[in-house]
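Here are my notes on this one, written as numbered points. Keep the 3D view open while you read, and click on each residue as it comes up.

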Amino acid sequence: MAPVPRVLEARGLDVTPGMIARLRGMGDLRTVEIPETILREEVAHVAAGSRWYRWYCERDGIEPRARFRELLHEYAGGYLHGPFNVEARLLAGFDEDELAALEAGAAR
Ligand SMILES: [Fe+2]
């Protein structure tokens, strides 16, 4: 429940702005609308994952931040690749402390 939206889909939040910038730099303003739409929709996908992840943790009495770190070790080698799209991740249900922890452990 957590790794797909909060790791894989959240990676899309991080990398899509760079794609948008490259397309814009090439002057392809028509095509740039596609990743802009994907980015907007991906925020909602990750937010849904965050909401359900927290619901599940609360239901089962699990501390969500510690469990997310465990899941990162189990499924993603313990760290994520940065840089992170902080604005989009905040909109998608990550909190400031989680993002600070991800930044501290991020691979560049
Ligand atoms: Fe998605």
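1. Which residue forms a salt bridge with R65? It is D95, and the closest N and O atoms of the pair are 2.6 Å apart. The pair links distant parts of the chain, with D95 in the loop between α4 and α5 and R65 in helix α3, 30 residues apart. By salt bridge I mean a side-chain nitrogen of Lys or Arg within 4 Å of a carboxyl oxygen of Asp or Glu. D95 is partly exposed at 21% relative accessible area, and R65 is partly exposed too, at 33%. For these labels, buried means under 20% relative accessible area, exposed means over 50%, and partly exposed is in between (1.4 Å probe, protein chains only).

2. Before going on, a word on what you are looking at. This is a predicted model, where local features need pLDDT of at least 70 and side-chain atom pairs count only at pLDDT 80 or more, while totals for chains, interfaces and linings use all residues. Residues are numbered from 1 along each chain as its sequence is written, and side-chain values use heavy atoms, with hydrogens and water left out.

3. Now the overall layout. The protein chain has five helices and zero strands, so the term needs its rule: helices (H or I, at least four residues) and strands (E, at least two) are DSSP runs, numbered from the N terminus. The C-alpha atoms fill a box of roughly 50 × 25 × 20 Å along the principal axes. Of the 108 residues, 36% count as buried. Among contacts (heavy atoms within 4.5 Å) with a separation of 6 or more, 70% come from residues 24 or more positions apart.

4. Take a look at helix α5, residues 96–105. Which of its residues are buried? They are E98, L99 and L102. Seen down the axis of α5, these buried residues fall within an arc of 95°, so they line one face of the helix. That arc is taken from the directions from the helix axis to the C-beta atoms. The face turned away from the buried side carries the exposed residues E96 and A104.

5. What do the buried residues of α5 pack against? Their partners are α1 (3–25), α2 (33–60), α3 (64–76) and α4 (86–91). D95 turns up again at the start of α5, where one of its side-chain oxygens reaches to within 3.1 Å of the backbone nitrogen of D97.

6. Back to charged pairs. A search of the whole structure finds ten salt bridges. One of them joins the side chains of E33 and R30 (3.0 Å, N to O). E33, in helix α2, is partly exposed at 39% relative accessible area, whereas R30 counts as exposed at 64%. Another salt bridge pairs R67 with E74, the closest N and O atoms being 3.1 Å apart. R67 is partly exposed at 24%, and E74 is partly exposed at 48%. There is also a network of salt bridges linking R6, R54 and E98, and E98 is one of the buried residues of α5.

7. Is N85 buried or exposed? N85 is buried, with a relative accessible area of 16%, and lies in the loop between α3 and α4. Its side chain reaches the backbone oxygen of L13 at 2.9 Å. Not counting residues up to four places away in sequence, N85 touches L13, D14, P17 and L39.

8. A cis peptide bond joins G82 and P83, with omega at about 0°.

9. M1, W52 and W55 make a nonpolar patch of about 380 Å². W55 lies in helix α2 and is partly exposed, with a relative accessible area of 44%. Patches are made of residues with over 30% relative accessible area and no salt bridge, with like charges joined within 9 Å and nonpolar side chains (Val, Leu, Ile, Met, Phe, Trp, Tyr) within 5 Å. Accessible areas come from the Shrake-Rupley method with a 1.4 Å probe, and for residues only the protein chains shown count as cover.

Methods:
A polar contact is a pair of N or O atoms within 3.5 Å; within protein, one must be able to donate a hydrogen and the other to accept it, and residues adjacent in sequence count only if both atoms are side-chain atoms.
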